[in-house]
There are 2 protein chains.
Amino acid sequence: MDMKMSSMNNLFNPRSVAVIGASENPAKLGFHVMLSLTKGGFPGMVIPINPGSKEILGLKTFPSITELPYEIDLAIVVLPARMVPAIFEECLAKGVKGMVLITAGFKEIEDPEGADLHEQLANIVNRAHVPVIGPNTFGMINLHAKLNASFTPEFSLLEKGIIGLVSQSGGMCHLLSFMAMRDDIGFSKIVGIGNRLNVDFAQMVDYLMQDPDTDVIALYMEGIDRPRQLIHTAKTYRGKKPIIAYKTGIGDIGNRASRSHTGSLAGRGEIYSGAFSQAGILALNDVEAFLDTAKALAASPLPDGAGVAVLSSQAGPGIAAADICQTGGLDAVSFTQETQQRINDILPPLALRTNPVDMGPAWYDSEAVVGILQAVMGDENVAGILLFMMFASANVDSIKGLSFLLKETGQNKPLITCLSAPPGIWDEHVKQLEEAAVLVNFPTPERAARVMVNLNRYRNLMISQW
Amino acid sequence: MDMKMSSMNNLFNPRSVAVIGASENPAKLGFHVMLSLTKGGFPGMVIPINPGSKEILGLKTFPSITELPYEIDLAIVVLPARMVPAIFEECLAKGVKGMVLITAGFKEIEDPEGADLHEQLANIVNRAHVPVIGPNTFGMINLHAKLNASFTPEFSLLEKGIIGLVSQSGGMCHLLSFMAMRDDIGFSKIVGIGNRLNVDFAQMVDYLMQDPDTDVIALYMEGIDRPRQLIHTAKTYRGKKPIIAYKTGIGDIGNRASRSHTGSLAGRGEIYSGAFSQAGILALNDVEAFLDTAKALAASPLPDGAGVAVLSSQAGPGIAAADICQTGGLDAVSFTQETQQRINDILPPLALRTNPVDMGPAWYDSEAVVGILQAVMGDENVAGILLFMMFASANVDSIKGLSFLLKETGQNKPLITCLSAPPGIWDEHVKQLEEAAVLVNFPTPERAARVMVNLNRYRNLMISQW
C-alpha cells in the first residue's frame with residue numbers, strides 16, 4: 001500500500017516507544033529489545049508493557065498500552081503470534097503511529113493459520129494507514145535518531161552514516177553490520193523488513209529516497225511479492241540516489257529455502273537482473289561486493305568514463321587488478337603525452353611506465369608516488385584511479401608522506417585503493433587518508449578493482465536509455 | 001636445474017648468515033635486512049658486510065666475505081646489480097651454501113645488459129650447484145627456523161604454520177602476510193622467488209614436498225619460464241601434499257605488465273588451467289580464495305564426496321551459500337531417514353528442516369544446534385558441513401555452549417563455518433573453536449561456501465585419472 005511520508009517519518013523518528021512484551025528475563029527477546037532502546041542512547045520516552053512486572057531495567061512498567069497516561073508514537077511488539085491481532089487493535093485505539101512486529105509464526109509457517117493471521121493483521125493496520133516493520137524481523141535501527149528498535153543492542157555500536165540498508169534477512173543485517181563495524185562503515189537506517197506486512201522494498205525505497213540522512217540505498221532480498229512495485233518506485237527516482245541490490249535464492253535449493261524463510265518464492269536470477277537494470281538498480285552478488293560497493297558509492301565520486309589508471313608500488317597486485325578491470329569492462333587507457341612525460345621524468349626506464357604503472361622503483365618515495373598520482377589525476381583520458389601499495393618497515397615513510405601531500409591535492413575522480421600494512425602497526429595512516437576522504441580503501445586489490453568495475457557499471461546504468 | 005635437497009636445506013636452515021651490503025642507514029634495504037635478522041630471533045650467527053662500517057646494529061662489521069674468520073652458510077646480497085658477479089665469485093670461493101639476491105635490475109629491465117648479467121650469474125652459481133633465491137626479491141622467511149632473510153622485519157610477526165608460500169610477487173607476499181596476521185594464519189616458509197636465477201617453482205615444489213614443516217603448498221605466479229618442469233614435478237608428488245596456485249596476468253594488460261615485472265610472459269589462462277588440473281594443482285583466482293583455501297587445506301579434512309549439509313541459524317546466509325554450492329558442483333543432499341527424524345525432533349515444524357536446514361527457531365539454543373550438527377555429522381550422505389551463525393546479545397549463550405559441546409564431538413568431515421559476532425565482543429569464542437581444530441571459520445557465508453567448493457574440486461582432481 002502507499003505510505004504517507006509523515007507516517008514513515010513517525011515510525012523512524014518517534015518521540016515515545018512502547019515495548020509490548022518487555023521482559024526482565026534475558027532468555028526473552030523482550031529483554032534484549034529493552035537493552036537496545038536504553039543502552040542505545042535513545043533520547044525519547046521508553047515504556048515497557050508487561051502485565052506481570054512493575055519495573056524493567058529500572059523503568060516503570062505498565063500492564064497494557066491502553067491504560068498508558070502518555071501518547072505512544074512507536075510500538076514494538078514481541079508477543080506470541082496469536083496475541084498480536086488484539087494488541088494491534090489496542091495500539092490503533094491508542095493512536096500509535098508505527099509498529100515493529102518482531103514476532104514470527106505468520107506467513108512463513110506451513111500451517112495456513114499463519115497466512116490467515118498475516119491477512120488479518122494487514123487488514124487492521126492498512127485501514128488506519130499505520131506502517132509496520134515485520135513480522136518475523138529483528139527490528140530496525142535509525143542511527144541518526146539513536147533509535148535501536150531491535151533485539152540486538154550491538155547495532156548501536158555502528159557509526160552514523162549515509163547508507164540505508166533494507167533487508168529481508170536478519171542474519172544478513174547482523175553479518176553486514178559486524179563487517180561494517182570492523183571497517184568503520186556507517187549506516188543511516190537498518191531495516192529488517194521480514195515478512196512485509198505493509199512495508200515492502202518499494203515503500204522503503206520511496207521513504208529513503210526522501211530521507212535527508214540517506215544517500216545510498218542498499219537492498220538485500222530473497223523473494224519479492226510485488227516486484228513491479230519496486231521497479232516502478234526505483235524508476236520514479238532514477239538517478240536521485242544510487243540503489244544497489246544483492247539478490248539470493250537464485251538456484252533451486254536457495255529458492256526453496258527462501259520460500260520457507262520469508263514466505264515468497266525467490267524466482268529466477270535473470271528476470272530480476274533485467275528488471276533491475278531497467279530500474280537503474282545495480283545488482284551485486286555477494287555480501288563483500290555489496291558492502292564494498294555501498295561504501296564506495298557513499299564516499300567517492302563516480303567515474304565519468306571507463307578509463308582507469310592502475311598504479312602499483314609492487315607489480316603483482318596491479319597485474320591481478322588489471323585482469324579484473326579487463327573482464328569487467330574497464331579500460332587501462334593510454335595516458336596523454338604530457339602525463340606520460342611526467343611519469344617518465346619520475347620513474348627510471350627499468351619500470352613499466354605506461355598503464356598499468358609499476359611504481360616499484362619509487363615504492364619508498366612518497367613524493368614520486370604523489371607526483372605520478374597527480375599527473376594521472378589530471379589526465380583527461382583517466383576517469384578513475386586504482387592505487388596499490390603494501391607498507392612495511394622499508395617503505396613506511398612513503399605513506400606518512402602520502403598523507404601530507406595528498407591533502408594538498410583536490411580530486412574529483414574516484415581513487416580506489418588497496419593500501420595494506422601489518423595490522424596494529426601502520427593501519428592508522430591508511431585510516432587517516434580514508435577519513436580525510438582522499439581515497440576509499442579495500443583489503444585486496446581484486447576487491448578494489450571490482451569496486452571500480454561496479455562504479456562504472458552504475459555509471460553505465462545511469463546513462464543508458466530505457 | 002636440479003637442486004640437491006641438502007643444498008636447499010642449507011639455504012633455508014643456515015647456521016650463519018652474512019649480509020653483503022648491510023647498512024646502518026634506514027633509507028637502504030641493507031638496514032632493513034639487518035633488522036629482520038636481528039629482531040626476528042634468528043639463533044644463528046649474523047654478520048654484516050660493509051667496507052665502510054665498523055659496526056651495524058651492534059654487530060661487528062667486516063669489509064668483505066673473503067676475509068671472514070667464520071664459515072658462512074647463507075649470503076644475502078643487497079648491492080647494485082653490476083657488483084653482483086664479483087660478489088658471487090667471492091661467495092663461492094668462501095664456500096657459501098645458498099644465497100638470497102635481493103638486488104633488482106637484471107632480466108626485467110629493457111636494457112639487454114640486464115639479461116646478460118642474469119645469464120652470467122646463473123653460470124657462476126650453477127657450476128657450483130648453489131641455490132639462489134632471487135634476484136629482484138624481498139627475500140625469504142623460514143618461520144620454523146626464525147630466519148627472516150628479507151627486508152621486511154614484520155614477517156617475523158607471523159605465526160609458525162604448515163603452509164609454504166612461494167611467490168613471484170613481493171607485493172602479494174606482503175599482502176597475503178598482512179591478511180594472514182589479521183586471521184592468525186601461519187606459514188612454514190615464505191619465498192619470494194623473484195626472477196628465478198636457478199630456483200623456480202619446480203625446485204620449490206620439489207623442496208617443500210620433502211619439507212617436514214610444510215603440509216600445503218601455495219604458489220602465486222604471473223609467468224613461468226619452464227611450465228613443463230613445474231607440471232612434471234607436481235605430477236611426481238601428486239597426492240602427497242595439496243598444491244594450490246593463483247595465476248594472474250591472464251588478460252592482455254596484465255600479461256604485458258607481468259612481462260615487465262618478472263621478465264616472462266604470463267600466457268593464456270586456459271593453457272595453465274588445463275595443465276594445472278593434469279598435475280593435480282588446484283587453481284584459484286583471487287587472493288582471498290587463495291588464502292582461504294590454503295587455510296582450510298591446512299586445518300580441515302577433505303570431504304569424501306560432493307554432498308553437503310547447509311545449517312544456518314539465520315536463513316539468509318544459508319540461502320546465499322546454497323546458491324554458491326549449487327553452481328560450484330556441490331549437492332545439498334537429502335539426509336537419511338534417521339538424521340531427518342532427529343532434526344524433526346529438535347526443530348518445530350515451522351522451520352525448513354530438510355537441507356538447507358533453517359535452525360532459526362533454535363538460534364539461541366546451543367544444545368539444539370549441536371544436536372542437529374551431530375546428527376548431520378554422522379549422516380552417511382553428508383561429506384561436509386557448512387554452518388552459519390551470527391551472534392549477538394540475544395543468542396550469545398549458544399556459542400558459549402557450542403564451544404563446550406563441540407569438544408565432545410569427534411569429527412572427520414570438514415566443518416566450514418561463518419560464525420560472526422560484533423568485533424571485540426564475542427570474537428574470542430569463535431577463535432577458541434578454531435584453535436581447538438573443531439571448525440574452520442571465514443568472514444562471509446559465500447567465502448565459506450567457496451572454500452567447500454574448492455575442497456571438493458581438489459578431491460575431484462585427486463580422484464580423476466590422467
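Guide: Two residues are in contact if their C-beta atoms, placed from the backbone, lie within 7 Å. The model is predicted: local features need pLDDT of at least 70, side-chain atom pairs count only at pLDDT 80 or more, and totals for chains, interfaces and linings use all residues. Residues are numbered from 1 along each chain as its sequence is written, while chains are lettered from A and ligands numbered from 1 in the order in which they are written.

Visitor: Which residues of helix 12 of chain B meet helix 13 of chain B?

Guide: From helix 12 of chain B, they are B:T339, B:R342, B:I343 and B:I346. Their counterparts in helix 13 of chain B are B:A368, B:G371, B:I372, B:A375 and B:V376. Helices (H or I, at least four residues) and strands (E, at least two) are DSSP runs, numbered from the N terminus.

Visitor: How do you know the direction of helix 12 of chain B relative to helix 13 of chain B?

Guide: The axes of helix 12 (residues 337-346) and helix 13 (residues 366-377) of chain B come within 9 Å and cross at roughly 175°. Helix 12 of chain B is therefore roughly antiparallel to helix 13 of chain B, a term for angles over 145 degrees on a scale from 0 to 180 between N-to-C directions.

Visitor: What makes strand 9 and strand 14 of chain B edge strands?

Guide: They belong to an open sheet of 7 strands in chain B, ordered 9-8-11-10-12-13-14 with mixed pairing. Strand 9 (147-150) and strand 14 (281-284) of chain B each have a single partner strand, so one side of each has no neighbour in the sheet. From one strand to the next, the twist averages 20°.

Visitor: How do you know that strand 13 of chain B pairs with strand 14 of chain B?

Guide: Pairing requires at least two bridges found by DSSP, and 4 bridges join these parallel strands of chain B. B:Y246 has B:L284 as its bridge partner in strand 14 of chain B. Strand 12 (residues 216-221) and strand 13 (residues 243-247) of chain B also run parallel, joined by 5 bridges, and B:Y220 stands opposite B:Y246.

Visitor: Which way do the residues of strand 14 of chain B point?

Guide: B:I281 and B:A283 point one way, B:L282 and B:L284 the other, and all are buried. In a regular strand, side chains alternate between the two faces of the sheet.

Visitor: What makes strand 2 and strand 7 of chain B edge strands?

Guide: A second topic begins here. Chain B has an open sheet of 5 strands in the order 2-1-5-6-7, with parallel pairing. Strand 2 (45-49) and strand 7 (132-133) of chain B have a single partner strand each, so one side of each is left without a neighbour in the sheet. Strand 6 (residues 98-101) of chain B is joined to strand 7 of chain B by 2 bridges, and B:M99 stands opposite B:V132.

Visitor: How many residues does each chain give to the contact between chain A and chain B?

Guide: Chain B gives 65 residues and chain A gives 66. On the side of chain B that touches chain A, the largest share, 10 residues, comes from helix 11 of chain B.

Note on methods. A residue is buried if 20 or more other C-beta atoms lie within 10 Å of its own, exposed if 12 or fewer, and partly exposed in between; C-beta atoms are placed from the backbone. Angles under 35 degrees count as roughly parallel, over 145 as roughly antiparallel, 65 to 115 as roughly perpendicular and the rest as oblique.
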